[in-house]
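Hi everyone, thanks for coming along. Let me put the sequence and the model up, and then I'll walk you through what I found worth a look.

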Amino acid sequence: MKRIVTIQDISCIGKCSLTVALPIISAAGVETAVIPTAVLSTHTAFKEGFTFRDLTDDIKPISAHWKREGFLFDAIYTGYLGSFEQLKIVSEFFDEYKNGSNIVIVDPAMADNGKLYPGFSKDFAHAMLNLCSKADVIVPNLTEACFMLNEEYIPSGYSEEYIKKILVNLTKAGAKYAVLTGMSFEEGKVGVMSYNSETGEFFSYFNEKYPVCFHGTGDIFASSLTGALMNDMNLKKSLTVAVDFTLECIKRTMVDDNRNWYGVNFEEAIPTYINLLGK
C-alpha cells in the first residue's frame with residue numbers, strides 16, 4: 001500500500017482541508033498520514049465565533065519523530081498554509097523527505113475571485129511561488145497564479161494564449177507540471193488546463209459547469225487528483241478523474257433539498273470516485 005502525507009489545517013466542521021483529504025485519499029486505497037497546521041472549529045466562512053489553534057510549533061517535532069522511525073512517503077501534498085513560517089517549515093520538510101521516487105503536489109490555497117484571502121499579502125504570494133518551485137505538480141486557480149506571477153487577473157473572457165503564458169511562467173519557477181483549475185473557454189463548461197514543462201505539452205479537460213459556488217471544492221479536486229496519481233494514473237487521466245469527481249460532488253449536493261451551505265456532499269460521491277479509479 002502506498003503512503004502519502006498531507007499538510008494543511010483541519011476545520012472540524014466545514015468539509016474542506018483535512019476533513020476531505022483524509023477520507024478521499026483513503027478511499028483511493030492509499031495510506032494517508034496527516035500533519036495538521038491548525039485546528040479550527042469550522043472554516044472561516046462562518047465569519048464569527050470559530051475557534052482557532054495554531055499548530056506551527058508541532059510540525060517540526062512530528063517530522064523529526066517520523067524521521068527517527070524511518071517513515072517514507074510516495075507523495076507529499078500540501079493545501080492551505082497560513083503563514084510565512086509555515087511556508088518555511090514545509091519547504092524544509094520537502095528537502096527532508098523528497099527523493100527520486102516520490103512526488104510533491106502543492107495546492108497554493110490563498111486566493112480566489114481576484115482577491116487574496118484575509119491575512120495574506122502579495123509578499124506571501126511570492127513566497128508561495130518559492131514553495132511551488134520545489135513541487136512536481138502545482139494546482140492553483142487563476143487568481144492564485146496571477147498573484148504569484150504579478151500577472152494581470154482577467155476573470156473571464158480570457159484567451160487560450162493568456163492561460164498558456166501563465167502556465168509556462170509558473171513552471172519557470174521550478175515545478176514540472178502546472179495545472180490551472182476553474183478554467184472555462186465556453187459557456188456551460190469548466191475544467192482544467194495543464195502544462196508539462198519537460199515535453200512542452202498542454203492538456204485541457206472540461207465538463208459541465210453549474211452556476212453555483214461551494215466551499216471546499218478545490219480541496220476535493222486536489223485530494224482526488226492525489227489519490228488518482230497514487231493509483232499509477234498519469235497526470236492527464238488523474239485530472240479527468242478529479243474534474244469528474246468534483247462535478248459529481250456538486251451534482252449530489254444540488255439534488256439534496258437539505259444540503260448544508262458550507263460544503264458539498266462528497267461523502268455520497270465516493271463510490272463514483274472509486275469507480276473512476278477502476279477499483
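A definition to begin with: when I say helix or strand, I mean a DSSP run, H or I over at least four residues for helices and E over at least two for strands, numbered from the N terminus. Please keep in mind that this is a predicted model, where local features need pLDDT of at least 70 and side-chain atom pairs count only at pLDDT 80 or more, while totals for chains, interfaces and linings use all residues. Residues are numbered from 1 along each chain as its sequence is written, and side-chain values use heavy atoms, with hydrogens and water left out.

Let's start with the overall picture. The protein has 9 helices and 11 strands. Its C-alpha trace spans about 50 × 45 × 40 Å along the principal axes. For 279 residues, a compact globule would have a radius of gyration near 19 Å, and the 18 Å of this protein agrees with that. The radius is taken over C-alpha atoms, and the globule rule is 2.2 Å times the number of residues to the power 0.38.

How much of the protein is buried? Buried residues make up 50% of the 279, where buried means under 20% relative accessible area, exposed means over 50%, and partly exposed is in between, with a 1.4 Å probe and protein chains only. Next, contacts, meaning heavy atoms within 4.5 Å. Of those between residues at least 6 apart in sequence, 65% join residues at least 24 apart.

Now to helix H5, residues 142-149. All 8 of its 8 residues are buried, so H5 is largely enclosed by the rest of the structure. What does it pack against? Its buried residues pack against strands E6 (111-112), E7 (115-116) and E9 (177-183), along with helices H4 (122-132) and H6 (160-172). Among those buried residues are Thr143 and Glu144, as well as Leu142, Phe147 and Met148.

At its start, a side-chain oxygen of asparagine 141 comes to within 3.1 Å of the backbone nitrogen of threonine 143. After H5 comes asparagine 150, which has a positive phi, near 60 degrees.

On to the hydrophobic interior. In soluble globular proteins, nonpolar side chains tend to be buried together. By a nonpolar core I mean a set of buried Ala, Val, Leu, Ile, Met, Phe, Trp, Tyr and Cys residues joined through side-chain atoms within 4.5 Å. The largest one here has 47 residues, and the members touching the most others are Val5, Phe93, Leu142, Ile163, Ile166, Leu170 and Leu180. H4 gives the most to this core, with 7 residues. There is also a second, separate core of 40 residues, which includes Ala228, Val241, Phe245 and Ala269.

Now for charges. A salt bridge here is a side-chain nitrogen of Lys or Arg within 4 Å of a carboxyl oxygen of Asp or Glu. How many turn up? A search of the whole structure finds 14 salt bridges.

One of them pairs lysine 165 with glutamate 151, with the closest N and O atoms 3.5 Å apart. This pair links helix H6, where lysine 165 sits, to the loop between H5 and H6, where glutamate 151 sits, 14 residues apart. Lysine 165 is partly exposed at 41% relative accessibility, and glutamate 151 is partly exposed at 21%.

Another joins glutamate 201 to lysine 236, and here the closest N and O atoms are 2.5 Å apart. The two partners are 35 residues apart, glutamate 201 in strand E11 (residues 201-208) and lysine 236 in helix H8 (residues 235-254).

Within H8, glutamate 248 and arginine 252 lie 4 residues apart, about one turn of the helix. They form a salt bridge too, with 2.9 Å between the closest N and O atoms.

Finally, two backbone spots. Serine 17 has a positive phi of about 45 degrees although it is not a glycine, and serine 17 is buried, at 3% relative accessible area. Aspartate 232 also has a positive phi, near 65 degrees, but aspartate 232 is exposed, at 63%.

That's my tour, so over to you for questions!

Definitions and conventions: A polar contact is a pair of N or O atoms within 3.5 Å; within protein, one must be able to donate a hydrogen and the other to accept it, and residues adjacent in sequence count only if both atoms are side-chain atoms.
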